[in-house]
Protein chains: 2
Amino acid sequence: MSRWEPNSRERLGEAALSLFSERGYAATTVEDIAARAGVTERTFFRHFGDKREVLFAGTEALLEIVTAAITNSDDVAVPFDDVARALDDVAAFIGSRRTRAEGRVRRGLLLQNPELLERELIKLATMVTTMAACLTTRGTSQATAILAAEAGMGVFKAGFDRWLDADTDDTLPDHVRAAFAELGRWSQPAPRLRR
Amino acid sequence: MSRWEPNSRERLGEAALSLFSERGYAATTVEDIAARAGVTERTFFRHFGDKREVLFAGTEALLEIVTAAITNSDDVAVPFDDVARALDDVAAFIGSRRTRAEGRVRRGLLLQNPELLERELIKLATMVTTMAACLTTRGTSQATAILAAEAGMGVFKAGFDRWLDADTDDTLPDHVRAAFAELGRWSQPAPRLRR
């Protein structure tokens, strides 16, 4: 993080996404990414271990966000609500740092490159484990914590896809909240029909 | 599938799980697995592309099960219920072919070997995509289909972990159904307190 190369981390991220999209993931080298970002390869390796990691730069921040959200919550009655709030914070964070167009490019790359998709799935699984661990630290049983975290992550993934597929101005948090609300309605007893 | 080597596929699966567990995944070779199963390496490669695939031998069957369950369902009102039924069939299938002890060994291997965990997560993601595609074929919107499939898979994963962690005789389907039921209760409006 040299002061002669401001924002080099962000610029590397943007350069990598553009190049992966233009030339393909396999055909892009660290040298290409550094050149496009206007930094040296040495600077690249100060920030990232390899080219794959550039697409997962925000993982640590996401884990901190869910940890803070669950640890600081006052409401311990319904763990699933805490998970929903934690993922609402995640949605706000991602939505503020990534445009939908960038998200679509990234999803395309994941679907075309198994090693990227595998890395993404590991990231999401780590978020599940982290949320469950925070809930158990607060006193929720392991069984309930894992259920809340796994089901919540499923809802989040669906909300995320809806955001990428939508053609409206609804934000990522809007879509994630709508997905949680829809799941909640399915679980209600079906309304009785009037005779 | 030579008739001179009956059940070689099953025997290879059992041999691989034992050897991975005894010696570690990295230290076990295809030659070792074939020898333990009493078949030739050539027979191994008639069944599996590499040693990793032996742990994922049932994937095609699982995809067929969820496809049949959703495609043959008469109830199109609540897609989440169809997903729950499909995963109930999956639980019955796995529970009939794998003991809890084997499941625990397999989970330990996944957690110790990132390439196995990645492969497992890809398998589960493929089940989600397959369930969602079956629902959309039947007329469910893409948005709702993905939500039902992702959330349902989250519940299934939690139920599966509960089964592995349990010390009772409850079956895998018991645990998966209990997890779906618990999620359903969270989504009910909280009971009003009497004043």
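At what angle do the axes of helix α5 and helix α8 of chain B cross? In this predicted model, local features need pLDDT of at least 70 and side-chain atom pairs count only at pLDDT 80 or more, while totals for chains, interfaces and linings use all residues. Residues are numbered from 1 along each chain as its sequence is written, and chains are lettered from A and ligands numbered from 1 in the order in which they are written.

The axes of α5 (residues 79-97) and α8 (residues 142-165) of chain B cross at roughly 40° and come within 9 Å. Axes here are lines fitted to C-alpha atoms, for helices over the stretch in contact, with angles running from 0 to 180 degrees between N-to-C directions. The two helices are therefore oblique to each other; angles under 35 degrees count as roughly parallel, over 145 as roughly antiparallel, 65 to 115 as roughly perpendicular and the rest as oblique. Their crossing is right-handed, a label for a near helix turned clockwise from the far one by less than a right angle. On the α5(B) side, Pro79(B), Phe80(B), Val83(B), Ala84(B) and Leu87(B) take part, and their partners in α8(B) include Ala148(B), Gly152(B) and Phe156(B). Residues are in contact if their C-beta atoms, placed from the backbone, lie within 7 Å.

Turning to chain A, its C-alpha trace spans about 70 × 40 × 30 Å along the principal axes. The chain has nine helices and zero strands, both taken as DSSP runs (helices: H or I, at least four residues; strands: E, at least two) and numbered from the N terminus. Of its 195 residues, 35% are buried. A residue is buried if 20 or more other C-beta atoms lie within 10 Å of its own, exposed if 12 or fewer, and partly exposed in between. Among contacts in chain A between residues at least 6 apart in sequence, 62% join residues at least 24 apart.

The largest nonpolar core has 72 residues, and Met131(A), Ala149(A), Met131(B) and Ala149(B) have the most contacts inside it. Such a core is a set of buried Ala, Val, Leu, Ile, Met, Phe, Trp, Tyr and Cys residues joined through C-beta atoms within 7 Å. Beyond its neighbours within four places in sequence, Met131(A) touches Val66(A), Ile70(A), Val83(A), Ala86(A) and Ala149(A).

Leu109(A) lies in helix α6 (residues 100-112) of chain A. Because Leu109(A) has 19 C-beta neighbours inside 10 Å, it counts as partly exposed. Leu109(A) and Tyr25(A) are 84 residues apart in sequence, yet 7.4 Å apart in space, C-alpha to C-alpha.

Note on methods. Contact = placed C-beta atoms within 7 Å.
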